[in-house]
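Biologist: Could you take me through this one and tell me what stands behind each label you use?

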Amino acid sequence: MPARPIFAFVSLILIAGACVLIFLVLLAGAVNSNPVNTIYFLQADTSGISGAPAQSRWTLWNVCSVGANGADVCPKVSAAYPFDPQSNFGTTKGVPAAFQGTNTFYYLTRFMFAFVLISLFFAVCSLFLGLFALCSRIGSFLSSATCAVALFFQTIVAALMTAAYVIGRNDFIANGQTATLGEYAFAFIWAAMACLFLATVLFCVAGVTSKKDKTSSTGRTGGRFSRRKTTKERGSFLDTESQRQVNKEYT
């Protein structure tokens, strides 16, 4: 059995998994139901901030409070919602000084939202192109190229997320406020990046393996043809020699 369909099929499973993981993170904060209502990037003690809930969780769409069951309770959604406590709560009272007078966190998380959408778009494109990789070498390389673009933007997402929320957590803790990272959101973003990386590599392997299989098959066919040709030529030579000897006897 050719190896290409196997590598392509495994790549499709990896890309499908990456798409699901990105979707879950994207839906967190926009949908108040399981399983996405426990996905967030950062949870911090904001009881000392005027107008803020006792515990706040940041998602891509809003800042949510924590319900009695430990799930997110999120207000209306806003696309590309920034992680910027002073603008999120409309005050600087109780906000750690590290967040004041800077737009770093604002821009890191705003750009992150855009790159999540771009990464998801190319991952979905690669998923559909991957169907052609099951039966075509060109499809394997096209899928690999598209998946590589998704991987590029997903890597940026992971870097921006880690920079913004890890530094933000440390700033809250340094101010005497408890803060923890959202393990699901971080795990899903990094796992999606790993899946896209493996899928990109396996699509390339599928394309290269297909070429090797084709070359090997051609070589075997050529060998059989050559042997037949050599045998035929040898027979013709023997027939010619026999005819010459018969002619000599008659002469």
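**Labels and their cut-offs**

Modeller: Let's start with Gly 51, which is exposed, with a relative accessible area of 75%. This is a predicted model, where local features need pLDDT of at least 70 and side-chain atom pairs count only at pLDDT 80 or more, while totals for chains, interfaces and linings use all residues. Residues are numbered from 1 along each chain as its sequence is written, and side-chain values use heavy atoms, with hydrogens and water left out.

Biologist: Why is Gly 51 called exposed?

Modeller: Exposed means over 50% relative accessible area, buried means under 20%, and partly exposed is in between (1.4 Å probe, protein chains only). Gly 51 has 75%, so it counts as exposed. You'll find Gly 51 in the loop between β1 and β2, with its C-alpha 8.2 Å from that of Thr 91, 40 residues apart along the chain.

Biologist: And what makes Asn 37 buried?

Modeller: Asn 37 has 8% relative accessibility, so it falls under the 20% limit and counts as buried. Asn 37 is in the loop between α1 (4–27) and β1. Leaving aside residues up to four places away in sequence, Asn 37 touches Val 31, Asn 32, Arg 57, Ala 71 and Asp 72; a contact is heavy atoms within 4.5 Å.

Biologist: What makes Asp 72 and Arg 57 a salt bridge?

Modeller: The term asks for a side-chain nitrogen of Lys or Arg within 4 Å of a carboxyl oxygen of Asp or Glu. In Asp 72 and Arg 57 the closest N and O atoms are 2.7 Å apart, so the pair qualifies. The two residues sit in distant parts of the chain, Asp 72 in strand β4 and Arg 57 in strand β2, 15 residues apart. Both Asp 72 and Arg 57 are buried. A search of the whole structure finds one salt bridge.

Biologist: How do you know that β1 and β2 pair?

Modeller: Strands are DSSP runs of E, at least two residues; helices are runs of H or I, at least four; both are numbered from the N terminus. Two strands pair if DSSP finds at least two bridges between them. Four bridges join β1 (residues 42–45) to β2 (residues 55–58), so they pair, and they run antiparallel. Leu 42 stands opposite Trp 58 in β2, for instance.

Biologist: What makes β4 and β5 the edge strands?

Modeller: The open sheet has the order β4-β3-β2-β1-β5. β4 (72–73) and β5 (179–181) each pair on one side only.

Biologist: Last one: why is Val 205 called partly exposed?

Modeller: Val 205 has a relative accessible area of 31%, which lies between 20% and 50%, so partly exposed is the label. Val 205 is in helix α5 (residues 183–250). Phe 197, Leu 198, Val 201 and Val 205 form a nonpolar surface patch with about 320 Å² of accessible area together. Patches take residues with over 30% relative accessible area and no salt bridge, joining nonpolar side chains (Val, Leu, Ile, Met, Phe, Trp, Tyr) within 5 Å and like charges within 9 Å. The areas come from the Shrake-Rupley method with a 1.4 Å probe; for residues, only the protein chains shown count as cover.
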